[in-house]
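Good morning, colleagues. Please look at the sequence and the structure first.

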Amino acid sequence: MTRSSPPGRREHIAEARIFGWLLLAFPAPFRAAYGEEMTAFFLERLDRARQRGRLATARHWVRSAADVVSTAADERRITRRHSRARQEGAMMGIMTDVRSASRSLQRTPAFTAVAVLILALGIGGSTAVFSIVNQVLLRPLPYAESGQLVRLYQYRAEAPEEDTYVTGPAFTAYRTMQSFDDVAASYTYRETGADLTQDIGATRIRQLQVSSSYFDVLRAAPVRGRGFMPDEERPDSRTAVVSQELWQSRLGGAEVLGTTLTLNGESYEVVGIAPARLQDPVVGAVDVWVPHISIDDEPQNHALTVLARLRPGVTMEAAAAELELVHAALGEQFPQAADRLGRMYSLHEDTVGGASRTLLVLLGAVGLVLLLVCVNIANLMLARAMSREREFVMRAALGSGSGRIVRQLLMESLVLGLAGGGAGVLLGMLMLDAIKLLGAGSVPRLADSAFDVRVLSFALVASISSGLLFGLLPALRFSRVNAAAVLREESRSATSGRSRNRARSILVGAQIALAFMLLVGAGIVTLSLHRLGDVDLGITEDRVLTFEVHLPAVRYDSLRRASFHEEFAGRASTLPGVDAAGAVSRLPVTGSYHAWGSQPATGPLAGTQGSSIGAEQRVIAGDYLEVMGIPLLSGRVFDAREAAGTQRRVLLSQSAAESTFPGVDAVGHTLLVLGQPVEVIGVVADVALTAEGDVAPVVYHAHSQFAGNRNWPLVQVVRTGGDPLALIGALRAELASLDTDLVLHRPEPLADVVGRGIAQRRFMTWLMAGFAALAMLLAVLGLFGVITYVVRQRRREIGIRAALGARPAEIRGMVLGQGLRIAVVGIVIGGAGALALGRVLSALVFEVSPADPWILAGAALTMGLAATAAAWLPAREATAVEPGTVLHE
Amino acid sequence: MTTEPLKVPVLHILLALAEGEMHGLGMADWVEQATDGAVELGPGTLYRSLKEMAEEGLIREAPPPEPDADPRRRYYAITARGRRQVSAEAARLERLVEVARARHLLPERA
């Protein structure tokens, strides 16, 4: 043993550092433990080698380096293997659990298939509905920082619930507000479109008149070219921004900036191309934007749709406060319109607000269905667990650890949940497509619903929580099972059998309660829909075709316009199959439009304060009243006496006549419409303004007299004896014979137009009915399963009874009675739940009380019949029990 | 109680420590001397083996034999287990030598 003195420090710093670098090959813990010693070892030997010469030194370096590197590799390999083994120990547990769970599920394929299917239906349905809720309610609007966008409305102080469009002076004032970064107006007051004339002929496209800051407000600047300048906001501007979609499809995607489009017979220069998929928040898809919006200084002409973007940091409350000040100033400037105030809503709320209640109720319904699915599967799992009870108990007795078994049960239900969730997502995508097809147009933004990350996360959470929920019950039951009793074959005893059956019966009762609630809900919305269908709208809506013909101002002056509609109606009425033809400025049952102040100039209310009413103004031509089946109550209808330029005459609806000339015959009196006197020559019956049958006073003008000052496009209506759509060809030909460049636009039966008002309700009703049907099916299956099991369990008892002389009918009655007992409890609980939820539903019903006894009775009867059907087969099986075989078992 | 043959570094370290405790350099020097340079223990081999042998309980860290020894050096001593292992290995090798002698691979002892 040699003892050498510690190496001189100064000489070895460099070598120590180099050796230190070599030592980095070792893992850190090893270095920490032995690094210093190894370095000292190396350096001492280096000293000796130096004494022997340069070759020995070099050899020492090389051998030490090689030794360090090779042993370091070994050390690292050993360390890695050890840590992996430790990790794998933990991982092994989970992987084996998952594998044994799948194997166990595969051993009962029927159960697994049914459970996965039911789960897929539940998760698929709820995911589909959630994706709709996500798109419509939760996702922000497709504009940059859409939370800053607001919609502005005006309203009259004496009718604060009626929001209306904004006037020119108000818009001009809003543009000066500090709270807004940008304010834009668009003209959505009427469905605007334009006839685009190309070499291939004329087609109708969607046109929107906008102010210059429109693209700024939406932060959607044109990707090619430019938007509009403030000085282009003139009625004679002829520039246009086209949508990407129009550019690609109709204009060939070629270089289009600077070229001209022919819109309504006039030439427009294309100055910009909008970003892809840009839609207007109010009217939806637009093909071309034009800046010739008319912003006048009429303080009583409400025609503009106004959007604004809040300045960053400005709250809606602050903006609303400034809005009040603006209107105070406007009131002083225009005292006659001082009662026209303004308010704003967030654009999101404006767009989707109406649908939110419907959707939330739907989400609740689908949640119920999912709960029902879970209960159903819990029931199935309980049955399955009961049959494996002996196996579990024996394993526990042999030391398997009951915690392990519970973990396995939970793992099985988790695997089942995830499998059902995966299948459910696929099924949900199909369901979503179907819903989008059925419900098109009924709910805003429906068409854009899709499965995104949030929706898939929802599906994942739903799968896992369902899995845990329905797996919990069997797991809990197992942990409390009496091992000794099970092993002692006393599982046949009445007491333990009954307690297990009670659990299952309670579950089935819960299923029936949930299904009953859904049934009541479906009944309520269906009855509402039916009642809506019964509403008398005041018109005969079948066998009437409607379509639009737009007369471009460039070729049709007021005189030609006046004569055109009368001439076209006259020609159309001579066509074979046509009973009558006419036109109107706005179809009934499509909501309020052109509501103007109308005041009696003569008669009992003449000159009195507050006698002015907001009456719907309608311009009619041809035999409109006859087409729609609106009877004349007194006076006469329009005829040749109402030529252009003659004394202005009108017809009143009955409610209008009663409001302005109460107690007298309105015929012969004079009315002031927007200050202009008109003579009342007739009174006609009321028509509904909305699909719910609300009536509003209407003032009818003759188009031949009206066309002079305003070019209101008229919707043509034609009554026929047969299918309205069959007339389209002939009418198109007739139109072309008058003017080849006119387009017969949007032909559809009147019934469809009217039906759109209730599209949302119909959509909701279909979905609720679907859920109720699904729920009933699940409840029936659940009841069937339980009763079958009970019958099998009580075979001995049934056999004994049969041997003692019980007749088949008695045995059947016993089984049916069991089923009905469960059903009745479920119905009662479900009824209580339905009444509790009635308030939630009441917002959506129409002339139906949520606690309608007929609906409740009907649902109870349906459920009772279903329960009887479910118990029927087991009952028959019970009567087939041979006393002999049973007693010898 | 047959065990696998000991690895070369392990065997020689145990031989070195059989007489008393040593530190790393001392072991390497002794082994080199005792085998006439046939077995050279590099720093990596030596200290990895020391780590493994300590983990298996064949050696342990020991206080230095002389109170004024360099405190930075770590001394190791053989354990009872280590002694058993090296004895068993020596016996195995002895049997091996007898086999070789029987096959006339070794010169006869004088």
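What share of the contacts in chain A with a separation of 6 or more is accounted for by residues 24 or more positions apart? The share is 81%, where contact means heavy atoms within 4.5 Å.

Before I continue, a word on conventions. This is a predicted model, in which local features need pLDDT of at least 70 and side-chain atom pairs count only at pLDDT 80 or more, while totals for chains, interfaces and linings use all residues. Residues are numbered from 1 along each chain as its sequence is written, chains are lettered from A and ligands numbered from 1 in the order in which they are written, and side-chain values use heavy atoms, with hydrogens and water left out.

Let me begin with chain A. It has 25 helices and 26 strands; these are DSSP runs numbered from the N terminus, helices being H or I with at least four residues and strands E with at least two. Of the 889 residues in chain A, 48% are buried. Buried means under 20% relative accessible area, exposed over 50%, and partly exposed in between, with a 1.4 Å probe and protein chains only. The accessible surface of chain A is about 40900 Å², and 58% of that belongs to carbon and sulfur atoms; such areas come from the Shrake-Rupley method with a 1.4 Å probe, and for residues only the protein chains shown count as cover.

I turn to the salt bridges. Over all chains, the structure holds 39 of them, a salt bridge being a side-chain nitrogen of Lys or Arg within 4 Å of a carboxyl oxygen of Asp or Glu. In one of these, A:Asp287 pairs with A:Arg206, with the closest N and O atoms 3.2 Å apart. This pair links distant parts of the chain, 81 residues apart: A:Asp287 lies in the loop between strand 12 and strand 13 of chain A, and A:Arg206 in strand 6. A:Asp287 is buried at 10% relative accessible area, whereas A:Arg206 is partly exposed at 44%.

Another salt bridge joins A:Arg807 and A:Glu810 at 3.8 Å, N to O. Here A:Arg807 is exposed, at 54%, and A:Glu810 is partly exposed, at 44%.

In chain B, B:Arg48 and B:Glu52 form a salt bridge at 3.3 Å between the closest N and O atoms. They are separated by about one helical turn, because they stand four residues apart in helix 3 of chain B. B:Arg48 is buried, with 11% relative accessible area, while B:Glu52 is partly exposed, with 23%. Both belong to a network of salt bridges that also includes A:Asp74, A:Glu75 and A:Arg77.

That brings us to the contact between the chains. How many residues does each chain bring to it? Chain B gives 25 residues and chain A gives 26. Together they bury about 2300 Å², 50% of it on carbon and sulfur atoms; buried area is the accessible area (1.4 Å probe) that two parts lose on being put together, summed over both. B:Pro43, B:Tyr47 and B:Arg48 supply 29% of the area that chain B buries against chain A, more than any other three residues.

Nine salt bridges are counted between chain B and chain A. One of them joins A:Arg45 and B:Glu32 at 3.0 Å, N to O.
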